[in-house]
Amino acid sequence: MRSFRNIFSSMKIKHKVRVLFLFILAIYLIALFLICAFVLRKQVYDYMLENNQSVSVSIGSNLTTEIEKVNNFSRILLTNQAVNRYLTGDPDRNLSDYTNAVNGIYEVQNAYPEASSVFVFREDGNYLTVGRGVTFLARDVFSSDEWREEINRKDGGYVLRVNGDGAFKTNYDVEIVSLI
């Protein structure tokens with residue numbers, strides 16, 4: 001088998017020029033491809049990081065806005081006279097207070113589609129619920145001291161939990177963000 005040098009030296013000058021031209025062109029194209037690949041890869045990576053950061057900031061802002069809307073909703077509920085009568089009312093008149101509170105919550109909830117369900121808890125353990133879907137309450141979680149401890153520590157502030165740390169479950173089996 002003949003070596004490349006022997007084959008190349010036996011070629012005519014016209015073929016040698018073509019082979020050298022193609023060889024140089026191939027090296028140039030490979031070098032250009034590698035340079036572009038590394039430069040573009042870094043630029044694409046930087047672009048992705050920048051966009052991911054922008055998207056993350058946007059999502060964070062949207063979440064903060066939604067949480068503030070629901071927090072405002074809960075504050076408006078606390079100013080509703082029917083809800084306050086239910087919370088502080090006489091247990092003997094509880095049925096009329098309950099009905100009026102439910103109606104009052106529906107009135108406010110219509111302006112806040114972010115709130116899919118509302119639970120109002122009395123100190124005596126009774127509660128009312130209003131919602132667009134069915135949300136179940138796990139009474140054992142709700143009654144536990146650990147669950148109530150953090151809420152009491154917030155002293156009027158809110159606590160965010162997924163599914164209320166197990167206290168809430170929907171009938172369509174999706175996780176919900178609970179503002180407690």
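1. Leaving aside residues up to four places away in sequence, V120 touches V83, Y86, L87, I105, N126, Y127 and L128, where a contact means heavy atoms within 4.5 Å. This is a predicted model, in which local features need pLDDT of at least 70 and side-chain atom pairs count only at pLDDT 80 or more, while totals for chains, interfaces and linings use all residues. Residues are numbered from 1 along each chain as its sequence is written, and side-chain values use heavy atoms, with hydrogens and water left out.

2. V120 also belongs to the largest nonpolar core, which has 14 residues, and F73, L77, I105, V118, V120 and L128 are the ones that touch the most other members. A nonpolar core here is a set of buried Ala, Val, Leu, Ile, Met, Phe, Trp, Tyr and Cys residues joined through side-chain atoms within 4.5 Å; buried means under 20% relative accessible area, exposed means over 50%, and partly exposed lies in between, with a 1.4 Å probe and protein chains only. The elements giving two or more residues to this core are α2 (13-79), α3 (81-88), α4 (94-109), β1 (117-121) and β2 (127-131), and α4 gives the most, with four residues. A second, separate core has seven residues, among them L137, W147, F168 and I176. As background, nonpolar side chains tend to be buried together in soluble globular proteins.

3. The secondary structure comes to seven helices and six strands, and read along the sequence the pattern is α-α-α-α-β-β-β-α-α-β-α-β-β. The radius of gyration is 34 Å, well over the 16 Å that the globule rule gives for 180 residues, so the protein is more spread out than a compact globule. That radius is taken over C-alpha atoms, and the rule is 2.2 Å times the number of residues to the power 0.38. Helices (H or I, at least four residues) and strands (E, at least two) are DSSP runs numbered from the N terminus. Along the principal axes, the C-alpha trace spans about 115 × 30 × 30 Å.

4. Buried residues make up 22% of the 180 residues. The protein exposes about 13300 Å², of which carbon and sulfur atoms supply 60%; these accessible areas come from the Shrake-Rupley method with a 1.4 Å probe, and for residues only the protein chains shown count as cover. Among contacts with a separation of 6 or more, 43% join residues 24 or more positions apart.

5. There are 20 positive and 20 negative side chains, and the centres of the two sets lie 28 Å apart. Lys and Arg count as positive and Asp and Glu as negative, whereas His and the chain ends are not counted; each charge is placed at NZ of Lys, CZ of Arg, CG of Asp or CD of Glu.

6. N71 is in helix α2 and counts as buried, at 6% relative accessibility. Setting aside neighbours within four places in sequence, N71 is in contact with Y158 and L179.

7. N84 is in helix α3 and is partly exposed, with a relative accessible area of 29%. Beyond four places in sequence, N84 touches L78, T79 and G89. N84 and I24 are 60 residues apart in sequence and 86 Å apart in space, C-alpha to C-alpha.

8. R148 is found in helix α6 (residues 145-154) and counts as partly exposed, at 26% relative accessibility. Not counting residues up to four places away in sequence, R148 touches F142 and S143. R148 and A101 are 47 residues apart in sequence, and their C-alpha atoms are 23 Å apart in space.
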